[in-house]
Amino acid sequence: MSDKEKRRSAAIPSGMPAGKAVKPDSDREFLAQAGVGDLLLGAILKMVEARSDDPVGFLADHFCNLASVTDGGTAECGDEEPQNSGPNSAGALEQQRLNRALWHLRLAHHSQRSAFSNNVRVAYDLLDVTGCQGQAGEAPGGSDGPCSGGPMGAGGGGVRGGLYTQTLQCLCSEGGVPASTSAPLLQRLCCQDHEAVPYDVFRYSVLTCAVFSDYIRQAQRLYAEVCCSDEGPVSRALCLTVLGTLKEALETSQGCDANRSLNTNTKSNNTKARRYLQASARISPHNLAQAMVGAQTRGPGGNMDAKEFENAAAELFIARVKLVS
Amino acid sequence: MSRLSAAVPAEQYLADSQVLFYLNDAVTQLLEHREEYTQFGLVRYFAEYFSSVKNSNHVLFREFSYIRATQHNRASFIRVFWRSFRQIGRSGELLSLLEYRSLLQLLCPDFPLELVQSAARMVLMDDATDCLMSFSDFIYAFQLQLYYQEFLESLLLVYQDLLAGKSPNTVIVPTSTSVEQLQSAVAEEENEKEERQQDGVETSTLSQCVEVLCDRFKSSHPSRSCMKEILEQTDKVSYSSFLLSLSKHESINQSIGALPSKAEVLIDPEMDQELDKLIAQISVSPSSNSSGSAVGGLKEAQRRASPRRNIHHRRRMEVESDGSTEETDSSEN
């Protein structure tokens with residue numbers, strides 16, 4: 001907000017109102033001239049389409065993204081100059097690209113496969129800019145989502161390793177995963193700073209992080225359900241049982257390497273479907289309840305707090321993540 | 001959860017998000033200050049407006065009707081009040097009702113007295129609202145009163161009806177007095193009226209009424225389980241003591257999400273840092289008193305400050321979403 005104050009105080013002494021010579025009389029005229037209606041309509045449509053959990057946050061990001069595109073429009077055209085004029089402006093430009101890529105990645109949930117894939121493509125092209133590419137794959141005036149990034153993407157050599165790692169870190173933290181929990185996952189997925197990350201790897205890692213964030217959130221909710229709020233940490237036996245059921249479910253669905261998701265082989269899709277059904281049966285409320293009842297009658301002493309539970313659940317997931325070589 | 005929320009129809013999603021309210025306010029503000037805001041572009045204006053809503057910086061110096069319009073606004077205001085005035089708690093000063101109200105009016109010019117009075121009654125457990133209150137007592141009561149204002153108002157009506165001897169079946173609709181009069185012939189409780197007025201009402205009865213109110217208020221009520229838990233602890237309860245217990249309940253505090261727990265409510269890491277800096281300057285300055293023990297003492301305080309500062313910094317990262325509002329108090333003039 002201090003930015004806004006600085007601008008306000010800078011604008012007032014300068015005194016010259018930009019633009020219109022004649023101030024419109026009525027409010028409606030002013031709004032119509034300024035194009036407020038279209039702007040807001042576009043924003044609302046995007047918001048309803050995305051159905052984010054945080055609608056206000058979504059709008060904030062949307063407008064910020066739009067603002068940086070329109071502000072940065074002039075900067076983008078002269079792409080080569082800022083790159084040469086020192087590390088600061090190049091760093092800022094990169095940060096801007098990262099923000100925009102993240103914004104794209106947040107638009108669709110990973111379960112909306114085609115929309116999500118398109119957004120990953122756009123984000124990859126954005127980050128793939130290696131100097132003279134100009135505006136990689138993004139229409140000015142806001143994203144319309146999928147543009148075929150093929151020809152532009154091929155020009156770059158791949159996303160820089162450092163940028164790639166940053167993207168993953170932001171995805172995890174925005175997904176509500178604390179840094180300590182996501183660190184082991186990122187270790188498996190990370191690349192060296194100087195390496196160029198190809199599209200396949202980028203897509204795989206982004207998907208994994210998105211699924212991981214969901215998984216951790218579910219684990220947190222699971223813990224909250226199991227734990228009665230005022231009784232403090234939950235008994236270890238109960239937690240171990242719940243974790244055991246989670247593990248079984250993961251193992252069952254792992255059968256055909258669920259992480260390699262987009263091969264459209266119909267036979268393997270059927271097998272996958274069956275395994276997912278089996279897995280979901282294992283963590284069905286009935287099954288879980290049975291396991292929990294069993295746990296309460298026997299079991300080791302001591303309690304497990306939320307953090308430990310989360311870490312244990314994370315471990316189960318991460319063990320199944322392919323190492324990126 | 002967004003894939004599950006796709007089942008929610010668009011209109012409902014829009015309504016629940018209260019985005020239209022904020023858009024409405026944004027455009028109204030824009031029209032009122034159009035010369036200022038069009039200087040640096042409309043898109044940037046909306047970006048900053050919604051960013052400030054997201055970061056809970058949007059309620060400062062706004063009118064009360066804006067503050068009470070959404071739960072998010074209420075929580076943001078409580079938080080701003082806490083951040084602005086927690087120093088008072090640290091100094092140990094006790095303030096009166098009117099003094100707290102003055103503080104509130106610094107942040108919101110038309111903040112109503114009634115709400116502050118209700119909060120004070122909660123803390124002081126009776127009508128002696130000229131007594132002094134500590135900051136931490138006041139702020140939790142204030143939070144409950146502001147955040148769940150409508151629910152508590154209905155609850156008060158229900159309570160007064162129960163106190164007056166009406167059977168629980170008649171008090172379910174507090175606004176419908178004709179229904180109550182018709183049914184007041186129904187058999188009364190076995191306890192006498194006098195006892196009731198002193199000790200309060202039967203908790204089991206109140207519990208039933210609370211259930212009904214919760215159904216009506218949907219999500220803007222304190223957690224059912226917390227309220228049940230409190231009511232189960234005694235046979236009888238008075239309105240103020242019930243509310244006071246609610247205000248001190250940690251789960252309710254967490255579900256509102258505006259304030260830290262009571263143990264941390266007075267912690268102010270930014271002020272600590274400022275003080276540490278001052279201390280450092282004093283101890284390093286060549287013109288300071290050269291008595292070894294004094295300097296040593298100050299240096300030790302500085303050393304002791306560092307691990308505390310780290311802990312506070314970590315807690316602050318968890319507790320606070322945005323670290324820049326300390327400046328706005330003085331610079332927003």
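Predicted model: local features only at pLDDT ≥ 70, side-chain atom pairs only at ≥ 80, totals over all residues.
User: What does the secondary structure of chain B come to?

Analyst: Chain B comes to 20 helices and two strands.

User: And how much of chain B counts as buried?

Analyst: Of its 333 residues, 47% count as buried.

User: What about contacts in chain B, what share join residues at least 24 apart?

Analyst: The share is 67%, taken among contacts between residues at least 6 apart in sequence.

User: Let's pick one helix. How far apart are the end C-alpha atoms of α10 in chain B?

Analyst: They are 18 Å apart. Helix α10(B) covers residues 135-147, and its 13 residues should span 18 Å at 1.5 Å a residue, so the two values agree.

User: Now, how do α7 and α18 of chain B cross?

Analyst: Helix α7 (residues 71-91) and helix α18 (residues 269-284) of chain B have axes that come within 10 Å and cross at roughly 65 degrees.

User: Switching to chain A. At what angle do α9 and α10 cross?

Analyst: Roughly 150 degrees, with the axes of α9(A), residues 161-174, and α10(A), residues 179-189, coming within 11 Å. The two helices are therefore roughly antiparallel to each other. The crossing of α9(A) past α10(A) is right-handed.

User: Which residues make that contact?

Analyst: On α9(A) they are A:Y164, A:L168, A:Q169 and A:C172, and on α10(A) they are A:S182, A:L185, A:L186 and A:L189. Six of these residues are nonpolar, two are polar and none is charged.

User: Last one: how far does α7 of chain A reach?

Analyst: Helix α7(A), residues 113-127, reaches 21 Å from its first C-alpha to its last. For its 15 residues, that is close to the 21 Å expected at 1.5 Å a residue.

User: Which residues in α7(A) are buried?

Analyst: Buried residues there include A:F116, A:V120, A:A123, A:Y124 and A:L127. A:S117, A:N119 and A:D125 are buried as well.

Notes
Residues numbered from 1 in each chain as written. Chains lettered and ligands numbered in written order. Heavy atoms only, no water. Helix = DSSP H or I, 4+ residues; strand = E, 2+ residues; numbered from the N terminus. Expected span 1.5 Å × (residues − 1). Buried < 20%, exposed > 50% of the residue type's maximum accessible area, 1.4 Å probe, protein only. Axes fitted to C-alpha atoms, helices over the stretch in contact; angles between N-to-C directions. Parallel < 35°, antiparallel > 145°, perpendicular 65-115°, else oblique. Left-handed = near helix turned anticlockwise from the far one by under 90°. Contact = heavy atoms within 4.5 Å. Nonpolar A, V, L, I, M, F, W, Y, C, P; charged D, E, K, R; others polar.
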